[in-house]
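Good morning, and thank you for coming.

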Amino acid sequence: MTAVESRPVGGGTSPAPRAMGELGTSPGNRPFGARVKAFVALTKPRIIELLLITTVPVMFLAAQGVPDLMLVLVTCIGGYLSAGGANALNMYIDRDIDALMERTSQRPLVTGMVSPREGLVFGLTLTVVSTLWFGLLVNWLSAWLSLGALLFYVVVYTMILKRRTAQNIVWGGIAGCMPVLIGWSAVTDSMSWAAVVLFLVIFFWTPPHYWPLSMKVKEDYARVGVPMLPVVASNKVVARQIVVYSWVMVGVSLLLTPLGYTGWFYTAVALATGGWWLWEAHALQNRAKAGVKGAKLKEMRLFHWSITYVSLLFVAVAVDPFLR
């Protein structure tokens with residue numbers, strides 16, 4: 001398993017063992033309840049909520065109504081297991097830099113509440129279980145898509161791109177687009193242009209969603225040598241990229257209606273929410289151009305709105321079939 005060993009930042013020794021020792025989390029000092037919470041934390045449940053928001057509505061669109069509710073439940077459980085496995089393996093690989101970043105310094109593998117070996121076994125177990133779960137209870141197309149998303153996130157993003165290129169979140173974000181395809185394939189056991197369009201919406205949504213957060217915590221990333229775009233480029237350049245991706249995202253989101261998959265309700269929601277997104281993106285760009293820094297840059301306004309945007313847009317995806 002040497003291929004997935006953490007790479008120390010700056011050639012030094014990972015600080016994770018020191019952090020564990022400081023917190024006194026030896027096996028005898030780890031309460032059962034806290035351990036359970038730690039393993040749940042390895043799955044990053046708050047991120048998975050967002051993944052499910054993009055899965056379930058697509059199932060309604062694919063069914064052009066209410067899909068089999070048991071299939072929805074089974075698909076959501078499989079998606080949680082798969083994404084949880086990917087997140088656990090991500091934390092295993094990144095435990096060295098997580099120990100140095102304020103935002104991630106309390107993750108279970110850093111504090112020692114879960115050992116690296118336990119985290120690795122847990123992630124690999126969820127990978128196998130989720131793949132079999134999809135294959136046996138949903139269909140094998142969904143299983144391979146799920147496994148592909150997991151491997152892409154762990155190997156391509158975490159191991160290859162994250163520490164090497166400022167385009168890490170652009171291409172690494174492909175893994176986060178896969179739940180759209182999984183939701184569609186779970187219902188139809190096939191693909192369609194509707195699924196491709198929504199895949200692209202999430203693809204172009206991911207960078208302008210994540211870059212504002214990266215702007216806020218860029219000192220953390222700089223400290224550990226992760227070249228997120230805000231670390232290697234000025235706020236002005238980052239904001240310009242956010243605006244470009246935002247316009248493409250909104251344009252792609254409007255393709256569903258002319259392709260015949262959605263009607264007036266989805267279109268109205270896409271226009272309203274997309275228009276507000278563009279307003280916030282341009283406002284951020286204007287503040288960056290003016291040289292505004294610190295709290296007055298208000299970059300997190302767009303980050304928080306981006307979560308609301310994708311939630312409202314995909315709720316519209318689910319509701320639209322009932323209004324046509």
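**Helix packing and a pocket**

Let me begin with helix α14, residues 235-253, and helix α15, residues 264-289, which pack with their axes 9 Å apart at an angle of about 170°. The model is a predicted one. Since angles over 145 degrees count as roughly antiparallel, α14 is therefore roughly antiparallel to α15.

Which residues make the contact between these two helices? From α14 come Asn 235, Lys 236, Ala 239, Arg 240, Ile 242, Val 243, Ser 246, Trp 247, Met 249, Val 250 and Ser 253. From α15 come Tyr 266, Ala 270, Gly 274, Trp 277, Leu 278, Ala 281, His 282, Leu 284, Gln 285, Ala 288 and Lys 289. Sorted by class, the contact of α14 with α15 holds 13 nonpolar, six polar and three charged residues.

I turn now to a second pair. The axes of helix α10, residues 174-188, and helix α11, residues 193-216, come within 8 Å and cross at roughly 155°. That angle makes α10 roughly antiparallel to α11, and the crossing of α10 and α11 is right-handed. On the α10 side, the contact is made by Ile 174, Gly 176, Cys 177, Met 178, Val 180, Leu 181 and Trp 184. On the α11 side, Ala 194, Ala 195, Val 196, Leu 198, Phe 199, Ile 202 and Phe 203 take part. How many of the residues in this contact are charged? There are no charged residues; the contact of α10 with α11 has 13 nonpolar and one polar.

Gly 176, which belongs to that contact, also leads us to Leu 51 in helix α3, residues 45-63. Leaving aside neighbours within four places in sequence, Leu 51 is in contact with Ala 83, Gly 176 and Pro 179. Leu 51 and Ser 234, by comparison, are 183 residues apart in sequence, and their C-alpha atoms are 30 Å apart in space.

Finally, the second largest pocket, which holds about 180 Å³ of space. Its lining consists of Met 215, Lys 216, Lys 218, Glu 219, Asn 235, Lys 293, Gly 294, Ala 295, Leu 297 and Glu 299. The elements giving two or more residues to that lining are α11 and α12, the latter spanning 218-224. Asn 235 is one of the lining residues, and Asn 235 of α14 also takes part in the contact with α15. By class, the lining of the second largest pocket divides into five charged, three nonpolar and two polar residues.

Terms used:
Residues numbered from 1 in each chain as written. Predicted model: local features only at pLDDT ≥ 70, side-chain atom pairs only at ≥ 80, totals over all residues. Heavy atoms only, no water. Axes fitted to C-alpha atoms, helices over the stretch in contact; angles between N-to-C directions. Helix = DSSP H or I, 4+ residues; strand = E, 2+ residues; numbered from the N terminus. Parallel < 35°, antiparallel > 145°, perpendicular 65-115°, else oblique. Left-handed = near helix turned anticlockwise from the far one by under 90°. Contact = heavy atoms within 4.5 Å. Nonpolar A, V, L, I, M, F, W, Y, C, P; charged D, E, K, R; others polar. 1 Å grid on protein atoms, 1.4 Å probe; cavity = no way out; pocket = protein on both sides within 12 Å on 5 of 7 lines; lining within 4 Å. Points joined across faces, edges and corners; volume = space filled by probe spheres on them.
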